[in-house]
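Colleague: I am new to this structure. Please show me how to read its features.

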Amino acid sequence: MSSSGSTYGDIHRYEPPRESTAAAIAIVLLTFVQIIFVSLFVYGLAANWAIGGLDAGTGNMLLGFLLSAIFINLGFILLLYRKEFLPDVMIVKKRRRKWEDLYIREEDVEGTTIVDGTGAWDTVKRAIYPYYKR
């Protein structure tokens, strides 16, 4: 569904989400796996696997693997949620010129000179605070 409006804030394209059941089941299963990984990681921290509970480097590697598995699994959950349950919306935005992001007025595009007839303190104030009123 698209609209013909070109004013700022109009919705240009809107595609509803698919909301598939398979994605919902996959998110629930990945959430259970996430809970298992987090509980193993917390138990490993509480049992001091990294310090002396296991071999010298094995505990650190196991905790590192669990932490990376937690974030990768969370990434897959968020990926599935974004793709299957959020709508695809394109909104008309205002096009801005390059200088509008950097300067306040169009005449200040070329910059200002350091010595412009005013005092040095006013020049410092304009350099530090660009919204300074003249």
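Colleague: Which elements each supply at least two residues of the lining of the second largest pocket?

Modeller: A pocket is an open set of points on a 1 Å grid over the protein atoms alone, where a 1.4 Å probe fits, with protein on both sides within 12 Å along at least five of seven lines; lining residues have an atom within 4 Å of a point. Here helix H3 (58–85) and strand E2 (88–91) each supply at least two; helices (H or I, at least four residues) and strands (E, at least two) are DSSP runs numbered from the N terminus. This is a predicted model, where local features need pLDDT of at least 70, side-chain atom pairs count only at pLDDT 80 or more, and totals for chains, interfaces and linings use all residues. Residues are numbered from 1 along each chain as its sequence is written, and side-chain values use heavy atoms, without hydrogens and water.

Colleague: Which residues make up the largest nonpolar core?

Modeller: A nonpolar core joins buried Ala, Val, Leu, Ile, Met, Phe, Trp, Tyr and Cys residues through side-chain atoms within 4.5 Å; buried means under 20% relative accessible area (1.4 Å probe, protein chains only). The seven are Phe37, Phe41, Trp49, Leu63, Leu66, Ala69 and Ile70. Helix H1 (21–46) and H3 each give two or more, and H3 gives the most, with four.

Colleague: What does Leu63 touch?

Modeller: Contact means heavy atoms within 4.5 Å. Leaving out residues up to four places away in sequence, Leu63 touches Phe41, Gly44, Leu45, Trp49 and Ala50.

Colleague: Which residues are buried in H3?

Modeller: Among them are Gly59, Asn73, Ile77 and Glu84.

Conventions: Buried < 20%, exposed > 50% of the residue type's maximum accessible area, 1.4 Å probe, protein only.
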